[in-house]
Amino acid sequence: MSSKVQRQQAIARLIGRHAVSNQPQLVELLADEGIAATQATVSRDLEDLGAVKVRVPGGDTVYAIPELEPQRIAPEDQLRRVMGEWVADVRHSGPLVVVRTPPGCAHVVASALDRSGLPGVLGTVAGDDTLMVVAEEDVGGDELAFRLRELAGIVPPAVRR
C-alpha cells in the first residue's frame, strides 16, 4: 500500500520517463510498479500536481508537469482543498507561522501556498511534516495564521475545549 505522496511522486516520475497520453495508461504504469489506483484518484493526483497536456512532435498530446513558475497561480478553491486535506495544525510566533501536516505532506502544502498568491505570504520553507510560512510585515503572523486556519477549516487553539 502506498501513501498519496508516494503515489504522486511515482506519477511525476512516470510522466517524466514515459509519453503518458491518458489516465488509463497511467493507472497501468502505476500498477506495474505495484501501486493500485483508480482513474478518479489519478485524475485528482494529476490536478494536485498541476499536470497539463502538451503537444509533442507528431501531434500527440501527453501529460507534463511544468516546473514551478512563480507566476502560476493556484485557485483559492484548490488551495482550500489542499489545506483542508493536509493541514493538521497552525501556530505562529511573531511573523513566523508553523504549519503541521502528516508525514511527507509539507512540500505539497508549501507549493500550493507559494503558487496561491495569498496576500501576506512572503515565502515558505518545507520539511517532511512541518512548514514555516513567513508573513509579510504589514500582515503579521497572527493574521496570517488566522487566514491559514480558516482555509484549512481548523478551529483556533484558544477556542478548543
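Predicted model: local features only at pLDDT ≥ 70, side-chain atom pairs only at ≥ 80, totals over all residues.

User: Which residues touch the most other members of the largest nonpolar core?

Analyst: A nonpolar core is a set of buried Ala, Val, Leu, Ile, Met, Phe, Trp, Tyr and Cys residues joined through side-chain atoms within 4.5 Å. Buried means under 20% relative accessible area, exposed over 50%, and partly exposed in between (1.4 Å probe, protein chains only). Here the largest core has 27 residues, and Met83, Leu113, Val133 and Leu148 touch the most other members. At least two residues each are supplied by helix H4 (76-86), strand S4 (96-100), helix H5 (106-116), strand S6 (130-135) and helix H6 (140-152); helices (H or I, at least four residues) and strands (E, at least two) are DSSP runs, numbered from the N terminus. H5 gives the largest share, 6 residues. Another core, of 15 residues, lies apart from this one and includes Ile15, Ala37, Val42 and Ala51.

User: With which residues is Leu148 in contact, leaving aside its neighbours within four places in sequence?

Analyst: Contact means heavy atoms within 4.5 Å. By that criterion, the partners of Leu148 beyond those neighbours are Met83, Val90, Val97, Val99, Leu113, Leu118 and Val133.

User: How many salt bridges does a search of the whole structure find?

Analyst: Side chains of opposite charge can pair when their charged atoms come close. A salt bridge is counted when a side-chain nitrogen of Lys or Arg is within 4 Å of a carboxyl oxygen of Asp or Glu. The search finds 8 of them. One joins Glu85 to Lys4, with the closest N and O atoms 2.2 Å apart. Glu85 belongs to helix H4 and Lys4 to helix H1 (residues 4-17), so this pair ties together parts that are 81 residues apart in sequence. Glu85 is partly exposed, at 40% relative accessibility, whereas Lys4 is buried at 19%.

User: What other salt bridges can be examined?

Analyst: Arg13 and Glu33 meet through their side chains at 2.5 Å, N to O. Arg13 is in helix H1 and Glu33 in the loop between helix H2 (23-32) and helix H3 (39-49), so parts 20 residues apart in sequence are tied together. Arg147 and Glu143 also form a salt bridge, at 3.2 Å, N to O. These two are 4 residues apart in helix H6, and therefore separated by about one helical turn.

User: Is Ser116 buried or exposed?

Analyst: Ser116, which is in helix H5, is buried, with a relative accessible area of 13%. Its side chain reaches the backbone nitrogen of Leu118 at 3.0 Å.

User: Which residues make the nonpolar surface patch?

Analyst: Patches are made of residues with over 30% relative accessible area and no salt bridge; like charges are joined within 9 Å, and nonpolar side chains (Val, Leu, Ile, Met, Phe, Trp, Tyr) within 5 Å. Accessible areas come from the Shrake-Rupley method with a 1.4 Å probe, and for residues only the protein chains shown count as cover. Leu96, Val125 and Met132 make a patch of about 230 Å². Val125 is in strand S5 (residues 121-126) and counts as exposed at 51% relative accessibility.

Key: Residues numbered from 1 in each chain as written. Heavy atoms only, no water. Polar contact = N/O pair within 3.5 Å; in protein donor to acceptor, adjacent residues only side chain to side chain.
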